[in-house]
Amino acid sequence: MMSRVLRWFTQGESFRSVDLISSVVGENKHSLLDSLYIFKYYEKYYGYLLVDKGTKTIVAFDCGDYRTQRFNVEKLMREMGGGFSYLMMTTDSGARSKELSEWGKVHPKLNVFKAGCKDDGHIEFVGDLCIYCMRTPGVSEMETSYVVTEVSENSTKTPIVFTGTTLLTGGCGNFVNPEQMMKSLMGLRNLPSETLIFPGMEAAAQLLMFAKIIDSNNEFVNKKLDEVKLGGDKNIGQMLGIERLYNPFLRCDQKYFKDLFEAQDNLTCFTKMKKMMDKLIKIEN
C-alpha cells in the first residue's frame, strides 16, 4: 500500500502537500494529481479544483461553502495565472450546492453545470481535460458524477471520478430510491479498475464500521478500516479496483450477502442492506 501526495488547501495558508493514506496501487504517478487541489468545508465535505495544465483553466466540482471556495479559486487564479471557467455540480440540493447563486453575482460568465443539466454521457473538453457527465440518481433525481481523463501525450490516461455522495469510501450516501441508487453504483463500479474516486463527503469511519459488522472476516475491510483510523479524516483518492473489495454496497450481487440478508435478487439484498445500515449508523448527506 502506498501513500499519495495531493495538493491540499488550508484557508489562510499557501498551498501545501498533505500525505494521504490511500488505496492507490500499481502506478508510480497519476498525471491529474499534479493539478488537483482539495479543500474541506463544513467539517465533513470535500471541495475540488482541477486545473488544465495547458490553458490554466480552473474547473470546480460542487460549490459548498461559497466563501471558502471563492477564497481558494481566487488564490489559485493569482498563483497559476489562469481563469475560473467551469463549476460542475454533483447535486441540486443540500450542503454541496449551498450558496451557488453567489457565484453568478461575481462571475456572471461562469459556465455552471447544474446537476442533471447535461444528458448522460455528455462530454466536455476543457483543454486536455475530457469530462464525462454520468447521471447517478439515487441520492436525488438529478445527482451527477464526473469522470475526468487527461488526454495529453504526457498523461497517464487514467481517469478520476467525482462522485458527490453517491459513492463514498466504504459505502454510499443516504438515498430514498434503492433501485436508482443500486443502478448508479453498479454503473460507477464498472468504470476502469484504476479509476481514482474523489467523493464529496467524509464518512469512511462509520461506513467501514458497518462493513465490518456485516463482513467481519473480510481482510480488505479490516485493512481499510485500520488505514482510515491511521489517516484521520482525509480518506479520498482510493482506487476503484480496491474499493470493490471492501464496499458492501458494490457487492450486493454476491452470494455471501444474498444469503446473509435472505434475498433472492440483488435489489432485495441492496434494500435490506440499507435498512440495516440505517439502524446501526447515521449518515446525513
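Trainee: Two strands are said to pair if DSSP finds at least two bridges between them. How do β3 and β4 pair, in the parallel or the antiparallel sense?

Mentor: Strand β3, residues 36-41, pairs with β4 in the antiparallel sense, over six bridges. Strands here are DSSP runs of E with at least two residues, helices are runs of H or I with at least four, and both are numbered from the N terminus.

Trainee: What kind of model is this, and how are residues numbered?

Mentor: The model is predicted: local features need a pLDDT of at least 70 and side-chain atom pairs count only at pLDDT 80 or more, while totals for chains, interfaces and linings use all residues. Residues are numbered from 1 along each chain as its sequence is written, and side-chain values use heavy atoms, with hydrogens and water left out.

Trainee: Back to the strands. Which residue of β4 is the bridge partner of Y37?

Mentor: Y37 has L49 of β4 as its bridge partner. The hairpin of β3 and β4 has three residues between the strands, and Y42 takes a positive phi there, near 50 degrees.

Trainee: Why is β4 described as largely enclosed?

Mentor: Strand β4, residues 45-51, is largely enclosed by the rest of the structure because seven of its seven residues are buried. Buried means under 20% relative accessible area, exposed means over 50%, and partly exposed lies in between, with a 1.4 Å probe and protein chains only.

Trainee: Which residues of β4 point one way, and which the other?

Mentor: Y45, G47, L49 and V51 point one way, Y46, Y48 and L50 point the other way, and all are buried.

Trainee: Let me change topic. How many salt bridges does the count come to?

Mentor: The count comes to 13 salt bridges. The rule asks for a side-chain nitrogen of Lys or Arg within 4 Å of a carboxyl oxygen of Asp or Glu. In general, side chains of opposite charge can pair when their charged atoms come close.

Trainee: Which residue forms a salt bridge with D253?

Mentor: R189 does, with the closest N and O atoms 3.2 Å apart. That pair links distant parts of the chain, 64 residues apart: D253 lies in the loop between α6 (240-246) and α7 (255-260), and R189 lies in helix α3, residues 178-189. D253 is partly exposed at 32% relative accessible area, whereas R189 is buried at 18%.

Trainee: And where do K224 and E227 lie?

Mentor: Both lie in helix α5, residues 219-231, three residues apart, which is about one turn of the helix. K224 is buried at 4% relative accessibility, and E227 is buried at 12%.

Trainee: Is K255 buried or exposed?

Mentor: K255 is exposed, at 61% relative accessibility. K255 forms a salt bridge with D259, the closest N and O atoms being 2.6 Å apart. Because they are four residues apart in helix α7, K255 and D259 are separated by about one helical turn. D259 is partly exposed, at 46%.

Trainee: One last topic: which strands form the open sheet of six?

Mentor: The order is β8-β9-β10-β11-β14-β15, and the pairing is mixed. The edge strands are β8 and β15 (238-239), each pairing on one side only. Strand β14, residues 196-198, is joined to β15 by two bridges and the two run antiparallel; I197 has Q238 of β15 as its bridge partner.
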